[in-house]
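Thanks for coming, everyone. Take a moment with the sequence and the model, and then I'll walk you through a few spots.

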Amino acid sequence: MQVPVHRATAKVVALCGLSLIVAASSASARTVRRVSGKPVTITLSGWTSSPVEAQLLTKDIAGFSKVYPNIHVLYRPISGSGSTYETVLRTRFVAGNAPDVIYVNNGGESSTFMANHDLIPLNSYIKSSHFTIGDFYKSSLSLFEQGGKIYGIPKDQSPLALFYNTTMFAKAGIKHPPTTWAQLVTDAKLLTNPSKHIYGLINSVQEPRWAQFLSEAGGGVMNPAMTKFTLTSPASVRGYTYFVDLYKRGIATVPTTVGASWGGQAFGMGNAAMVLSGDWLNPFLKQTYPGIHYNTAVLPKGPVSNVSLTFPVAYGITRDSRNPAAAWKLISYLTNQQGMTRWMNLGLALPTRRSLVGLPYFKHHTYIHGLLAQLPHSLAWTFPPGFVQFSSTTMLNQTTLAIEGKESPLQALKNMQSGGEAILKSR
Amino acid sequence: MLYLLVLFCGALVMFIPFAWSLSTSLKPLSQSLAYPPVWIPRVFDWSNYVKIWQIVPLARWFLNSGIAATGVTLCNLVFDSMAGYALARLQFRGKQFLFIGVLAMLMVPFQAVMLPVYILLRYLGLLDNYFGLIIPLAVQAVGVFLMRQAFLNLPADLESAARIDGAGSFRTFWQLSVPLVAPSLLTLGLISFMLSWNNFLLPLLVANREHLWTVPLGIVMFQQEYFVNWPYLMAAAVMTTIPVAVIFLIFQKWFVRGIATTGMN
Amino acid sequence: MGIAMSLPAMIVLFLFTLGPAIYAFFLSFFSWSLLNKMQYVGLSNFGFIFTSPLFWTAVFNTASFALVVVPTQTLVALGIAVLLNQNLPARGFLRLAFFFPAVSSSAVISIIFMWIYNKFGLLNGALGVLGIPGPNWLANPFFALKAIMMMNIWTTSGYFMVVFLAGLQAIPQEIHDAAWVDGAGSWYRFTRITVPLLKPTTFFVAIMGVIGTMQMFDQAFIISGGTGGPLNSTTTLVLLIYQYIFSYGQVGYGAAVTVILFVFTMAVTLGVNKWLGKPIEY
């Protein structure tokens, strides 16, 4: 459950007006059966990472309507907080009126939706329409595959990279962003000034903000097949301890320490010299804190690598869709070579197609370079079904205890390990 | 004199949070984060009150809250008083049983039954629907009690006179008794209106789509998103509180009366 | 006719109150995610709940919330009511001021208090003036629930004050007058006359307080963003029910906790009814 947590307020008045008008008609629209040649209506829902996203997607869909005049697309973003998107989606599945096309998240409930067959396999559509699936990064595509079936086409992804405040770096006489763990510590120390409420690094301590440190040390939360937890392997312990120590030394802190509710906000307020974030932070800073000067860089390298996490998002078709063929046409339009190029040129996220990393748009926007450079070194973040509560409470709580020094990093890892294994066994 | 001082200090404590939200709502974002806190904004920035209507569909949320609260109020006025009248004034089989049933239902809090209620609403197709916001609150056990009490207090002779004149019991109820309990109806109306207007949990369960959100739900959802902007939030809070304050000031006597007689919020 | 007139009310009450209470019992014996098929599991949901540390945390949080909030708000409400019952100027205004928070929306109040409780918010600013370094109220597991307690007392005291005022006004003035003629001081009159005569009102306030605090949800949900954090310190029973059902898709667990909450509420209510010797007729 990554990206919705970073969703921005996205209530574009025009869209809301639209949704009011279409609300009444949506129920009846759903029951229109596909008769060839007859116009059909399909609904597309997702969360919105920023107000612009909804606007831009609406525009893109308008282009689709010109190509397929017989397919009418209703774009109905689902608003709300954090895990609300998936909670809402779940209730829509229960009610049997889920939208035709949905954003499928990494992690969170997505694996459950796939396992429950709430999403339909897309393989036959991919085959019959000669959709070039080979171009996609294996790491992002595999998130939406189960048992050889593809349940979602990744539309974009956002790797986590290091955002740093260039003004603060210059003032402290630091010329380059840190490239190693040791440098990160030295720089953060230099930049921290608790009396002014300024810290080297500000991030909350949910699992997707520390799992990459485990990977950088050669460990990981789970084995690649996700059949067991590997939190207590020596490499994992090493990575986790490094992360926890940043907080224990006082050179990193959680956002609430400075009165912010997430790391990006602390960065915008000028309380954080560095923050680990995805590119959802860019539109937020542009809009809310335009005075901040910053840049991005790849994560500092650990003992083994500088691997980061990435959060791909896919389009999927729900089992409630009465017009899966039309829904596929929309997905294909939005995610084929041209579709993704259009989407990338809007600057909201990074591509899931390998062929698109060299787009001119990326060259012209320097603050994307760090994120782009991180892309080849990133792992798609996910969990098997049934781990929503575990990742949102147990892992967060244990890490909170660890950074507050109430529990040793090893003990925290052991507790998480046994908790996670117990869930795996009970399934 | 000492009492008065204590009371005024207490009243101040009650007032400060509202005053602070007003103060914050008039500051630009950068100034709102000033620490130590500043009470009087350097410049009164009213733009938050304009922007909030553009950022979120606040008007729509107000409309939803209004529709739901009006519906709940009307339903309660009609159904509670009918049932209250029947329990107070009419003789019928099973009356005692029903009365005890209502008594038992007074003890069932909504929170404890939200799951079955949710499943039921889903089954009846009332999710994402105004009826879903209204029907679960359409009858309040406490409202039935309030009205029963009110009808019991009417002199019995009045009605027997009407009956002798040949009026049926529904006509007696509607034309004679209801006007006489107008004060209780007003109290019931207020209780019902506030119950719905301030409700958070029911809209949270029922309104999955943004266009059905009520003001409290909308504001909480807005707050939980990541663009935490306290001046916007406080502007929204102030605007939500204003209608409540107006209704409260006009009808305060009836609020007090309602609580004194029912003890329910 | 009587049946016909009470029927609409009874149907709604049954559908949305009594029926659901019965249905919750039924569901507590099943494993169900809302999306899959229901599966009968006997008592195992209860077995899971009673061995789940999170459930006991929620019980602890809810109980300590009730134990702190109910006596405090009762005392504060009684105190204000007694003071307000004197012949003072600005009585109406004061009553209004104390009562207003009780009619405001709990959602809006929670958001206002989140801002006040911010690490660099109004409360810590005021404490700073006194030279006290304020904690990070809502992010600190030690303070988060206490902060919600304070907020709750602030909200509900005025409400119960009105109940007490009504009770006070029902005490005939002659009793006070007689005691006053006998030379009884105001403290004596308060403890020997007012308090005993207010006993039924006090019971009522206490029971309403207990029921209200046991159902605390809005504030915990809003302030913790639905997580019950930090470190589960604001997970209440009702929030746990909500999480099981809507966030984690464990309907059976949610229903089991529902049944436990329900039985407990019933027990408290009936117990106090018995104590008072008559059903509460609000």
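Let's begin with a strand: which residue stands opposite A:V104 in β13(A)? The answer is A:A314.

Before I go on, some housekeeping. This is a predicted model, where local features need pLDDT of at least 70, side-chain atom pairs count only at pLDDT 80 or more, and totals for chains, interfaces and linings use all residues. Residues are numbered from 1 along each chain as its sequence is written, while chains are lettered from A and ligands numbered from 1 in the order in which they are written. Helix and strand names follow DSSP runs, H or I of at least four residues for helices and E of at least two for strands, numbered from the N terminus.

Buried here means 20 or more other C-beta atoms within 10 Å of the residue's own, exposed means 12 or fewer, and partly exposed is in between, with C-beta atoms placed from the backbone. In a regular strand, side chains alternate between the two faces of the sheet.

What are its partners? Pairing, by the way, needs at least two bridges found by DSSP. β3(A) pairs with β1 (residues 40-45) of chain A in the parallel sense, over two bridges, and there A:L44 is opposite A:V101. With β13 (residues 313-317) of chain A, β3(A) pairs in the antiparallel sense, over four bridges.

Staying in chain A, look for an open sheet of five strands, in the order β9-β8-β10-β7-β11, with mixed pairing. β9 (252-253) and β11 (294-297) are at the edges with a single partner strand each, so one side of each has no neighbour in the sheet. Further in, β7 (residues 161-165) and β10 (residues 272-277) run antiparallel, joined by four bridges, and A:Y164 has A:M274 as its bridge partner. Packed on the sheet is α8(A), touching β8, β9 and β10 of chain A. The direction of α8(A) makes about 120° with that of β8(A); those axes are lines fitted to C-alpha atoms, for helices over the stretch in contact, and angles run from 0 to 180 degrees between N-to-C directions.

Now over to chains B and C. How many residues of chain B are in contact with chain C? It's 79, meeting 73 residues of chain C, where contact means C-beta atoms, placed from the backbone, within 7 Å. On the chain B side, the largest share, 14 residues, comes from α14(B). That side divides into 61 nonpolar, 16 polar and two charged. Nonpolar covers Ala, Val, Leu, Ile, Met, Phe, Trp, Tyr, Cys and Pro, charged is Asp, Glu, Lys and Arg, and the others, Gly among them, are polar.

In chain C, helix α6 (residues 122-129) has C:L122, C:L123 and C:N124 buried. Their cover includes α1 of chain B together with α5 (106-116) of chain C.

A:H197 has a positive phi of about 60° although it's not a glycine, and so does C:N232. Are they buried or exposed? A:H197 counts as partly exposed because it has 19 C-beta neighbours inside 10 Å, whereas C:N232, with 23, counts as buried. And in chain B, a cis peptide bond joins B:Y35 and B:P36, with omega about 0°.

How values were computed. Two residues are in contact if their C-beta atoms, placed from the backbone, lie within 7 Å.
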